[in-house]
Amino acid sequence: MDQIKQQKTYLRILYFLLFLGVGSGMPFFSAFLKHVLVNQDGTPNNHLIMLIFTFLPYIGLIANPAAAIISDKFRLGKHIIAFNCLIGGLLALGLAQTAEPWTFMWGVRLKFLVIFPLMLLSAFFLHPLHTLIDAETMRFLNKHSSREKYGSIRLMGTIGWSVSCIVIGLLVTLTQRDAVIYYGSAAGYFALAFTTMKGLHVKPISEAIKIPWNHLKKDHLFQRFLLFIFLNGIVEMACFNYMSYFFDDVMKSFFHMGLIFGTWTIFEIPIMLYSHKLIRRMGNRWFIIVGMTLNALRLFLFSQFTLETPFLWKFSVALIQGPAFAFTFNGLIDFVDRQAHEDMRATYLSLMNVARYTIAGSVAGLLGGIVINTWGAVALMRTGSFSLVGMVLFFVVFVRGHGPGEKSKLG
């Protein structure tokens, strides 16, 4: 029993540290590029920024499935996490240098030629982390508890995100140094690497597991789900990728931006904490529907923001993100885990993330950049809102998900 409690604590720490790294860099990513990839006239080079967002997700096509299959086949998830975090931390330090004074004289194209390969390498090593930790968590819960308690463990990731967003936003405002964003990110990944290394006392199995690919071939419901998550991912990733770009237009400081990112998780906490009770009553079907509907409302209200909009109103509207994310994400994880074969959990999660973040992310980077370049960031938020309403209807008609107590079935 003590070992089970220790493993649960260990997984919570992994989520906390992962999101210290993610929350330091990801939410400020487009604002960082907006300030670093600048033309001679002082305007951001939107074409180069769009190019990064368009091509960057393709790295996940290789990284995510490869890491997931190796993890499922050889049970090497923790080893991959530790190694990838070390490399990811070093690459984050490199990215920070592109915002330091000694690179200010570089032209925008030279900076792009440095930033782009660093971003590609960073994506290769960091993209699989969330999938691998989720897979480790679901293996643990299915063996020692129940999948519905995923949210209570993942909750520590929410706290890590909140801490990092607020601290980084404050530090960038006080220091006026965009490089702080990636110094914070590097610190989170290094801490995660060393913590994971300490948890490698269990040796991986010596004999490879035969992955049951026939299960995936027969799982037509999951195949329809992948189409849905791809289309939905285009909308969500387009809005999220350019969120700090949008906030930079309507917020008065990086601290306001960090405060929004860090506190919009407040109402995520109770849903994560009691997700096991809620999902047993609602099923993942209503979790996903409610979450997407709230997200559509949030983006529509965002599209009404201007620089003069009172910060209290911006803060209040942003709080919708917490329940929107918690309902959607817990519903998606529960759906995928119900459908997955016990020896394919990392593979199924990876396929979802490839469809949602990698393939969809590339399309989102291109389409989001076109919308911003043509009509502005506000138009992107409004377009995302209406598109999500359409995605809710698509889900209800073609996927539906699982109701309370409903078991997964093939076909």
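**Figure 1. The second largest pocket holds about 170 Å³ of space.** On a 1 Å grid over the protein atoms alone, a pocket is an open set of points with protein on both sides within 12 Å along at least five of seven lines, and lining residues have an atom within 4 Å of a point. Grid points are joined across faces, edges and corners, and a volume is the space filled by probe spheres set on the points. The model is predicted: local features need pLDDT of at least 70, side-chain atom pairs count only at pLDDT 80 or more, and totals for chains, interfaces and linings use all residues. Residues are numbered from 1 along each chain as its sequence is written, and side-chain values use heavy atoms, with hydrogens and water left out. The pocket has 14 lining residues, and H35, V36, T98, F104 and K111 lie nearest its centre. Helix 2 (29-36) and helix 6 (108-126) each contribute at least two lining residues; helices are DSSP runs (H or I, at least four residues) numbered from the N terminus. The lining comprises six nonpolar, five polar and three charged residues (Ala, Val, Leu, Ile, Met, Phe, Trp, Tyr, Cys and Pro count as nonpolar, Asp, Glu, Lys and Arg as charged, and the others, Gly among them, as polar).

**Figure 2. The second largest cavity has a volume of about 60 Å³.** A cavity is a set of points where a 1.4 Å probe fits but cannot get out. The whole structure contains three cavities of 30 Å³ or more. Lining the second largest cavity are R147, E148, Y150, S275, I279, N330, I333 and D334. Helix 17 gives the most to this lining, with three residues.

**Figure 3. Helix 12 (residues 243-250) and helix 13 (residues 254-263) cross at roughly 130°, and their axes come within 9 Å.** Axes are lines fitted to C-alpha atoms, for helices over the stretch in contact, and angles run from 0 to 180 degrees between N-to-C directions. The two helices are therefore oblique to each other (angles under 35 degrees count as roughly parallel, over 145 as roughly antiparallel, 65 to 115 as roughly perpendicular and the rest as oblique). M243, S244, F247 and D248 of helix 12 make the contact with F254, M257, I260 and F261 of helix 13, where contact means heavy atoms within 4.5 Å. By class, this contact has six nonpolar, one polar and one charged residues.
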